[in-house]
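The following note sets out some points for a colleague who is about to examine this structure. It is arranged as numbered points.

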Amino acid sequence: MTALPIKTQVAATALLGGLALAFGAPALAAETVNVGMSTSLTGPVAQLGIASKDGAQMAIDRINKDGGLLGKQIKLLTADGQLKPNTGVTNVRNFVLADHAVAIVGPVSSAVGIAEAGVAAQYQVPIFFNTSNDVDQTGKAFSKYAFQVVPSTYMEPHAMALYVAKLFKQHHWKTLYTIAPNYAFGHSTVEQFLAGLKQDGVDVDVVGQQWPQLGASDYTQYISAIMAKSPDFVFAAEYGGDLITFTKQAEGAGLFKKTQVLADYWPLALEALGASAPAGAITDDRAPPFYTVKTKEMDQFAQAFHAKYQRWPGTWAILGYSAVQTWAQGVQKAGSFDGTKVADALGDGPMIKTVRGDFKLRACDHLAEIPVYMGVLSKDVDAKYGRRVMADVVAQPSDKIMLSCTAKQAMQPQA
Amino acid sequence: MSLDTVATLVFSGLTSASLLFLVAAGLTLIFGAMHIVNIAHGSFYMLAAFVVASLTQSMAADSTAVFWLSLLVAPILVGVLGMLTEVLVLRRLYGREPLLGLLATFGLLYLFEGIALIVWGGQYRSIPIPHALQGHVQAVGEAFSIYNLFVIAIAIAVGLFLWWLLQRTQLGWRVRAAVEDPETLAASGTNVRRLFTAVFALGAVLAGIAGAVTGPIESITTGLDAQILVEAFIVVVIGGLGSVPGAAIGAVVIGLFETAGVIWAPSFASAFIYVAMILVLIIRPSGLLGVTERVG
């Protein structure tokens, strides 16, 4: 076989390349639409990121199975944000510029979320926070492209205070001790919780406060110091791995027998603790536990999730699922994938139908008007789930726990 | 402050000290004998905890028996891993820039973390406290957790064993000689290479014991490695680099200092150990039992 003259080769290549660009590549790209998710897939909070990614993927699978969105199939792209704001920013930029992602689902950490919100606004792509919940994400970092479907760091402690205020009055409790990780989240949560109690008319005596480092492996001294004061009530804003360590060491010291404790016993922690989770402790959840939502949709989701991942969906999966559902309804309402059109469609406060229940997106700050769920850890280990569950679940209504629109708008950048 | 409160606080301080000593002892032993700052030490600790978590989970029949067994198996496994690490990686770096050892073990920390993530995933794991060690004993009107007593007992046992090994055996004599003068030791017919392998493996075993023993009272997840390393380093620096008794004293100092911080200045408690380290270094730059660095 004789080689073609070099000029012919170049011309043919250029022609083929041009043809591919003109017809092939866009034709291929038109089949699917990308959604980007940069979250923690490794490191200390990876389990939250992985679970919310799994939830988002389930929602996308469901949309694709039902024929897609505006006739297009959706693809979820993921990248590890490694808890670093600049990595998150780079990932989001790559999603938008290289993969033409039309929406972003948020990270685990609020510091990363706030950084990503800036890029989303810059490229006019909507971003949906489903795990990170700093009040600043819809405050200082607010733009028309930022949306949040998880209760904020203001709503959570105020919901807890509302629930606990009743108990304080009922049992005539007076003394309270707080323990929280020594960083912004811990301090602001404790501060808001105490402010909430005051608002709800409870006069408490804070007999001590502890601020262990995030990720501490040893809480024995903290627990001893708490027990030395014999408080009526302990507010523990520890979560995840820290909460597990705290719980195991507190159990050993007999803290749960001596006093009433409130902590974030979310499903992942309950799974890890199994029977060692303290029965009767007060807990909260950012999403309704799936077994309390008796709808066909939740049932289908839970079964499908269990079939795919061999575990039951928890908070993060439900929130990831509803973040994608929120975006999808924005696309439907806008009749377009265009970021600005979708943001406008969602920005005027529509009602969103999701697996966790319907909610309104508040026009003033794009925060979902969702309750925070409170309850106590079940007396017995649930046979089906192999762990304790949240029992006697009460939804603290959003209108009682949200920061007012006026206060929120004062935080937002002025246009 | 009443006597019972003081007793409880001293007890919790000693529990912390025991955990720290178990990790710090291996770290200081390796540094003393081989002059390697082993950043991967925390990995051995973490991997042992993961092994115990897997064993107790997969053989749930009699958790207590399985727990005792895994307390033996996990340190041995990480000891073997330590041996391989020394033979395959560190052996090539002796006599070269100390920074290389630091960077190599730093790389290993990431490698082991990656492996742990692939094998065990990102989920938290929690090991149940074995039945025999659940509950409390009552003394001076306070309840003391039996498991914490067990942790303290293990730390004391390991401390005594190390003392005996280093002071009363041939191997210990050689290790101490290697610290002082490796060249003369090699000239007198000791296989220093093999000795270093043994010391490194022993250090890994100690980290393994710490990880296995601590497992039931903490959440097991990747990230445990780096977290424990920082505190263990502080203990080692306070005690004097290379000194096992120093590590024991350093651990007690930190344990009690942290407790004091928690009671008297809760807002600054997490900074207290750093303050303790700085104070010690101002008074004795080589640490409490440290020897001043040999010159030349």
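1. Which residues in helix 9 of chain B meet which residues in helix 10 of chain B? The model is a predicted one. On the side of helix 9 of chain B, the residues are B:Glu231, B:Ile234, B:Val235, B:Ile238 and B:Gly239. Their partners in helix 10 of chain B are B:Gly246, B:Ala247, B:Gly250, B:Ala251, B:Ile254 and B:Glu258. By class, the residues of this contact comprise six nonpolar, three polar and two charged.

2. Two packed helices are described by the angle between their axes and the distance between the axes. For helix 9 (residues 224-239) and helix 10 (residues 244-264) of chain B, the axes come within 7 Å and cross at roughly 115°. The crossing of helix 9 of chain B with helix 10 of chain B is right-handed.

3. The interface of the two chains deserves a separate point. In chain B, 35 residues are in contact with 37 residues of chain A. The size of an interface is often given as the accessible area lost when the parts come together. Between chain B and chain A about 2900 Å² is buried, with 50% of it on carbon and sulfur atoms.

4. What polar pairing is found across the interface of chain B and chain A? There are 18 residue pairs in polar contact, both residues being at pLDDT 80 or more, whereas the count of salt bridges between chain B and chain A is zero. Helix 1 (3-34), helix 9 and helix 10 of chain B are the elements that give two or more residues to the side of chain B that touches chain A. Helix 1 of chain B gives the most, with eight residues. That side of chain B has 13 nonpolar, 20 polar and two charged residues.

5. Over all chains, the whole structure holds twelve salt bridges. In one salt bridge, the side chains of A:Lys144 and A:Asp344 meet at 2.9 Å, N to O. This pair links distant parts of the chain, 200 residues apart. A:Lys144 lies in the loop between strand 4 (127-129) and strand 5 (146-148) of chain A, and A:Asp344 lies in helix 13 (residues 339-347) of chain A.

Key. Residues numbered from 1 in each chain as written. Chains lettered and ligands numbered in written order. Predicted model: local features only at pLDDT ≥ 70, side-chain atom pairs only at ≥ 80, totals over all residues. Heavy atoms only, no water. Axes fitted to C-alpha atoms, helices over the stretch in contact; angles between N-to-C directions. Helix = DSSP H or I, 4+ residues; strand = E, 2+ residues; numbered from the N terminus. Left-handed = near helix turned anticlockwise from the far one by under 90°. Contact = heavy atoms within 4.5 Å. Nonpolar A, V, L, I, M, F, W, Y, C, P; charged D, E, K, R; others polar. Buried area = accessible area lost by both parts, 1.4 Å probe. Salt bridge = Lys/Arg side-chain N within 4 Å of Asp/Glu carboxyl O. Polar contact = N/O pair within 3.5 Å; in protein donor to acceptor, adjacent residues only side chain to side chain.
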